[in-house]
Amino acid sequence: MKLNSVEDLNRYKEILRNKNNKSKKIVVRICSTGCRAFGALEVLDTFLKEIKKRRLNDKVEIRQTGCHGLCAKAPVLAIDPLGLFYQQVTPIDVPNIISHTILKGKILDKLVYKDLKTGESYPYIKDIPFYKEQLKIVLRNCGIIDPTSIEQYIMRDGYQALIKVLTSMKPEEVIEEVKNSGLRGRGGAGFPTGRKWEFVRNSKGRPKYIVCNADEGDPGAFMDRAVLEGDPHSVLEGMLIAAYAIGANEGYVYVRAEYPIAVYNLKIAIDKMYRIGLLGDNILSTGFNFKLYIKEGAGAFVCGEETALLASIEGRRGTPRPRPPFPAEKGLFGKPTNINNVETYANIAPIILKGAKWYSSLGTKGSCGTKVFSLAGKVRNTGLVEVPMGITLRRIIFDIGGGISRDRKFKAVQTGGPSGGCIPGKYLDLPVDYESLSSKGAIMGSGGMIVTDEDTCMVDLAKFFLNFLRDESCGKCVPCRIGTQRMYEILDKITKGKGTREDIDLLYMLAESVKDSSLCGLGQTSANPILSTLNYFKDEYMYHIDYKKCPAGVCEELITSPCRDTCPINDDAQGYIDFIKRGDIDGALAVVRKTNPLPSVCGRACYHPCERKCKRGEIDKPVSIRLLKRYIADKGKWIPLKVKLTKDKVAVIGSGPAGLSCAYFLVQKGYKVEIFESLPVSGGMLAVGIPSYRLPKDILKRDIDVIKKMGVRIHLNKRIGKEIKIFELRKEFKALFLGIGCHKPLMLNIPGENKEGVITGIEFLRKVNLGKKIDLKGKKVLVFGGGNVAIDVARVSLRLKADEVNILYRRGPDEMPASKEEIEEALEEKINIMYFIAPLEVIGDKKVTGVKCIKMELGDFDESGRRKPIPVKGSEHIVPCDVVIIAISQVPDFEMLNLPKEIVVGNKIIVDRDTMVTSIAGIFAGGDLVRGPSTIVDAMSDGKRGAISIDKFLRGEEVKFVPEKLKLDRLYKLEEEVVNWDRIDVKKLKLKTRACSFEEIEEGFSDKEALLESQRCLQCDKNRYEIK
Amino acid sequence: MNKIKINIDGLDIETDSGKTIMEVADEHNVHIPRLCYHKSLPIQAACRLCVVEVEGIRNLVSSCSYPISDGMKILTNSPRVVKARKVILELLISNHPLDCMTCEECGKCLLQKYAYEYKVSDSRFKGRKYDLPKDDKNPFFIADYNKCILCGRCIAACKEIQYCNVVDFVNRGFDCRPGSEYEKTFDKTECVFCGNCVSVCPVGALIEKDRIGKGREWDIKRVSSICPYCGVGCQISLIVKDNNVLWIEGRDTGTLNNGWLCVKGRFGYKFINHPDRLKKPLIKVNGKFKETNWDEAIDLVIKEFTKIKNKYGPDAFGILSSAKCTNEENYLMQKFARVVLGTNNIDHCARLCHAPSVSALSKTVGSAAMSVSIEDISKADCLFVIGNNTTETHPVTALYIKKAVNSNGTKLIVADPRKIELTNYATVWLRHKTGTDVMLLNGIAKVIIEEGLVNKEFIKDRVDGYEEYEREIKNISLDEVSNITKVSKDKIIQAARIYGKASSAIILWGMGITQHISGTDNAISISNLALITGHIGKENAGVAPLRGQCNVQGSCDMGALPDVYPGYQSVVKSEIREKFAKEWNVSILPEKPGLTVVEMMQNKTIKVMYIMGENPILSDPNYNKLKEELKHLEFLVVQDIFLNETAELADVVLPASSFAEKDGTFTNTERRIQRLNKAINPVGESKPDWQIICEISTRMGYAMKYNHPSEIMDEIAKLVSSYAGVNYAKIGESGIQWPVLSSTHPGTKFLHKEKFPIGKGKLIFTKYIPPNETEDKNYPYLLMTGRILFQYHTRTMTGRVDGLNWKAPEPLIEINTKDALKIGCKSGDRLKVSSRRGEIIVKANITDKVPEGEVFITFHYKDAIANALTNDEALDPYSKIPEYKVTVVKIQEKTTKW
């Protein structure tokens, strides 16, 4: 059938619509493009068979559509007119969907979208956050119509815009309309589309050509692909309108051959257009002639560059040529040519139909309309989204994208593909438009968005893109051909731990020059991944160079295993887990003790960053490394390491984890170490800061006793500054290590803090731990703070029989710094946490009766990417209480310590963080007094580094940091298969008994449990060592 | 084009729009470095070394490609620009072997030059380097792409100058480099070894093989000269060190070959210092040559010459002058013949090539020379190449044809029985049967006339004889034309329309037209086409007989012909004779026109021959007969640089110097008079031909005393009006095209602008005459002879160049596939080919290049002398050229009998 006039087309549209309206079918729209990889065609097939079998053909239409957007949940389908959305559908689900949903209208909850945090179900498309925030213009038909059906396109007002321009608009008016719409080229550079058309129209040469750039080559970009696959006519209609506007009668779609579905659907679309008279001579009898060809590209990235693309169409080697002349002047076959990308053309018909005013009202002033983004990387809802310009990155990534997978920390988003740049967390609230993105060193590009998280190495990311670019460089111009190779090589060197600081300068210099002098956009932007990562993540580069370590645990040659690399003291978890597997607990303990002086402590109270990085966590849950360590410490045989104390005397101040660790490693090197402790017990914060239900006193004593047996002498009740002066000690001891904890609490600095019943958290814990009697029976306790100390204080208060314990925190749950496990346990124990409340004044005559508080709300984002809490006016209220415990933070008590002034700045001692050297020769320091309140294992790491430096110092060597090369000495090569059982949950005391007891909560693994758990280890380092 | 103002480095410049930044900078001596830019090649903008800063533009721009615009402010040397250039050089060097100490290009290498200028001695970038195998499999050049900087010049030269497409970029990114299909080495490709890629390589990646280790930039001197091979007369430089020619470079004066050369011009120079060169005069004693000194040799010559003159009179002498010798030498030779010996029996090989063109064009337009210039070829609207295998015989002219077709959209008509390379570029190819040119051309004329494509105005103003011509042409039946020529009517009509409708058209022809008994008629037919359409006497339109040898035009101009004095002044006109007698200071000059080449050979009255720089025994028809005939001579003097086949029969052999050893001038096919300069001392005791002639003449009593060939040219200028304004200073480096009417005349780019030398052009209807021999049962095949690219003439020169012999080691007979089936032979078989006059044994090359029933053999080789088959009796009645292009032969498969 051939449409010979505009009336023919309109009549045809009406016929189609009437027929459709009459049929009243239930339509099941199945994504058959992107979801194909996840079995969509099998689902489709099952549907068709099932419908046939049940003779439902008249009632149900099974429609193959293009992409619905939510690729993360593939295969997806939608059911009209119910407006339902089902995800991750398998062929097995199909009979149920037909029986229950299609025939009875019942919703199958299993297949419904669930909120990733709350678990709430969203059966209807209109409610799903992923869709709710979007505005679909380009993707108007994507996922709705069958892309192979021109009829369905026509039914949805397809080719109405073409009719409008052919019958009622002059070419100049079309151009004016597009100019007024503010549409800018969606291929990346954002050149105003209308102006480009005007240039081509005014160019003198004949004939003129229209080209659609569908050579989408960015890794991680699939916008154009989805449009071509899902709605090819929207692009073709745009091309026809453009052809009419500029006066062209021939056009090419340059599409990459790697998009077979796009090519297939395009071919069908063009074929049907010819057949019904929308292509060819005298289209709809309007006198407009247009022919359209498909040119399949062979997959060279550079052919996305317009001059290279044109060369490729002409049959020449696809390399760029210098501009000017621009294609608008001399393009295809030397004739004026208009090139736009897929998305640009897809915007044209709606602009013509709804008007420039409508379009320009969307988005921002400089960036009108919507933009399609392909959301990829470490984000939960990977997929295709179309949003108005000006929306913030945060809304795209967190609201639509559902945030970062596996609760990782967002690091940066790479926009614009390999030529683009990364934008770090502090700019998450940047509106997404052409200018804003480029102001931060990124680009809009064609709309790729690759989200990275803490597990992404930014050097590796830059290297990945440079590897891509050096491969895709056409090789024509020198800066790009050799420059990208050299940049890649430098990055490669850095990721292999062979980089130097000079390499960074070289990279900058090279990047600038390549950018400045390359022939085409590929070269000119090839340095962007480097420049933007260097701009925002230079520290990561430096870490690779200085420490020969990859902080994200990505760079192959710089990692041993993620758990070990992440551990501040590099505990060889896979090493000791190996021994557990073989039942050799003593062997395991020996491995632990090589690096860790306090295994029993760490097995209980360490915050175990190792588990967060554990590769097993990417399959199900991480290996329970901390508890396995505890198991070893509890079950292993403790034999003091043999040492010969033949060397100089070294004094260590403070017997906390930093001091003990320093002493432990020093005695092993033969030094005579004496520790001076101001408290009546040894262990520092371990003894007086951590409640015994987490770390029993005898357990702590066990670790310390072993150290003592190795020859370390601990002097209790010896306070530096008071009884002993630092400089006097220096006379007797050749070197000093300061490892004092943060024992001085910070106050809220509000009126009434000195009232009776107000106590600081640290004071409170110390008293309890030292056996002082505090009775809180029947009292109502308010704890201020959000860290681990606040949680400890609250839980201890509960155990001291407090009637009611409340934690008041001025920010929300997401911002709370205390560890998740602790918060959970506290909540289980019925401790009440009140968020967004800040204290103003402590009320009461002499004794506390309450605290005047104010509600807070989140305001603007600060530099760290966190939103600032600000008080809500007029929300002052009084929270009654009997006891107030202030647990906001603490600092070292420098006043009392009376340390030399030159090494103290503010609340910290200034040291070289790699060597622990202070500015005074022979004095070293580490732990909380250089870091502020920190973790046990960080303090231990400092102590160990201090010991290494002290040894060097005393041997007269230069004290400088040398990155430690971790050895992988294994006894066995393990070949076992990966076991599939879940992480073994540790037994805990029953809630009822535990809340009123100081008894240790966790029980620890049994032999069997430990064995099972140890077998879950994937031994991800097993390919990095050989058994001799 | 309007004037605009720009500012370069603070300098305000007003200039024409439409230029690039680099062009303007060059005009104002602002130095911008460049690697990929080459003025004769398309702009690549690839090396990026020429980047400059333009105010208001974000990135640096490549000045070679960026057009200027009004108000543009340009910085060519800002710190930003310098930094970028340094990085580019450093990057290049990071992938470049720093073996300048042994690199041939050292001293001339552009990378080295700019590294020096920008103080880049090493690279901070350490990483991958190319590790590519060298290609040294061909004898001409070495390709070591480890040194390649990917400027793309060689590729552009191959693709857009030579249109050979042997190299292109392969791979992408860092692995990108020049390469051929399937990584073949050059010897395995279709490479024609023009070496133009080598000439444009700015570094040492492509190097002439023979120069290796011989000397570098500072060791050598460049001497301007002219290529001694074909009639294009390419401008070259001889690279000389220690009296040796080390290699050849094309010279670019912007007037002719733009530096481009063909394989012979670039690599065919090894004959100069070849050990075979004659170093002493030879005298034959008892059938054997003996070396002697000049005195003794010349004494003998004088003695014999005098004896014979006295005995038989002056017309017993036959003199062959040479199209390979200079104008001055040819002038002296004809003067010697006419004045000293007193005969007009002087001729040269032009007789065997363009004599018919001369006799035809003299009649129709009054001048036999190519009326247009070579560079016009690329600008014409239509080119009609008939009977000329331009890519092999005039390779550099062919570049203009290919460029016209590929870049300017020129329509090309090719008429040739053989599927020559140009047919690939042709809009229409007329594959006519050999010997049917008159028919074909008349057929085309008929269509032009009948379709009203004639230029009536031109005919009215400038042409005589149209009515009669039209009447005759109309009587021709196109069907008959088609029948006889074997070309379809459609194609004839198509060709006629293209030629007739073109705004400017040039007809180019060669031996395919002339070497027939109807040679003169053929050329007249061509002239007719040009006259009825007005495609002559205007810009980019005309007639172009492509001259075969380096100075064939000049030898004719100099009167080395039996019927004319220098400047085509007839010997039969007494006033002319008197003019010459006066100038030459003699009382009388012979008045009877002399014998032509073939007539001299056949005429028993010739007792002595003096042959300079020719080898008629191989080049003239009917070898066997000729060899016998020469034995009848009482005395034979051959003057040559080698002991060629004719010299072997001589009584005295005089050693001449090659083109590299003397001063002089050549006149090329487009009438360009160009200078040779002495680059090395004469080899051995050889002497330049002009000195030998002077010495013989002087010692025979007529003093020829010239200190330098320029004095001879001054004498020529006095006698020849078209050379009137010519002198050595005026010729200069780039040459000058005659007519040069006075010392202030700039020379003439195209002829017949306002009128023809004979007043109005003449249309002469020509009637088709079948060739002398036609195929029959006994001799079923038509043999054509001709040249190939890699050899020249009778191989006295090319036969001594190893590379050329490697490429074309032996003669081949081209036989159509269908004929091969009939004969029962395959490629490589040795076949016996015989005519009524002789037989040869030659290797078969089965190809569809020749049509069924026609075969082709080159005449270069003495191993299979094609001229043993050719017909010396069938001559064009006007020009006396033999019918080389049609000989009937039979072909027999090799049998055990022989």
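The expected span of a helix is 1.5 Å times one less than its number of residues. Keep that rule in mind as you look around this predicted model, where local features need pLDDT of at least 70, side-chain atom pairs count only at pLDDT 80 or more, and totals for chains, interfaces and linings use all residues. Residues are numbered from 1 along each chain as its sequence is written, chains are lettered from A in the order in which they are written, and side-chain values use heavy atoms, without hydrogens and water.

**Helix α2 of chain B**
- Helices are DSSP runs of H or I with at least four residues, and strands are runs of E with at least two, numbered from the N terminus.
- With 16 residues (79–94), α2(B) reaches 22 Å from its first C-alpha to its last, close to the 22 Å expected.
- Its buried residues (under 20% relative accessible area, 1.4 Å probe, protein chains only) include Val81(B), Ala84(B) and Leu92(B).
- The cover over these buried residues includes α18 and α19 of chain A, along with β3, β5 and α3 of chain B.

**Strand β27 of chain B**
- From β27(B), Val652(B) and Leu654(B) point one way, Val653(B) and Pro655(B) the other, and all are buried.
- Strands pair if DSSP finds at least two bridges between them.
- β13(B) runs antiparallel to β27(B) with two bridges, while β26(B) runs parallel to β27(B) with four.
- Val652(B) is the bridge partner of Ile283(B) and also of Val637(B).

**A lysine to look up**
- Lys335(B) sits in helix α8 of chain B and counts as buried because its relative accessibility is 4%.
- Beyond neighbours within four places in sequence, its contacts (heavy atoms within 4.5 Å) include Trp584(B), Tyr702(B) and Glu715(B).

Key: Buried < 20%, exposed > 50% of the residue type's maximum accessible area, 1.4 Å probe, protein only.
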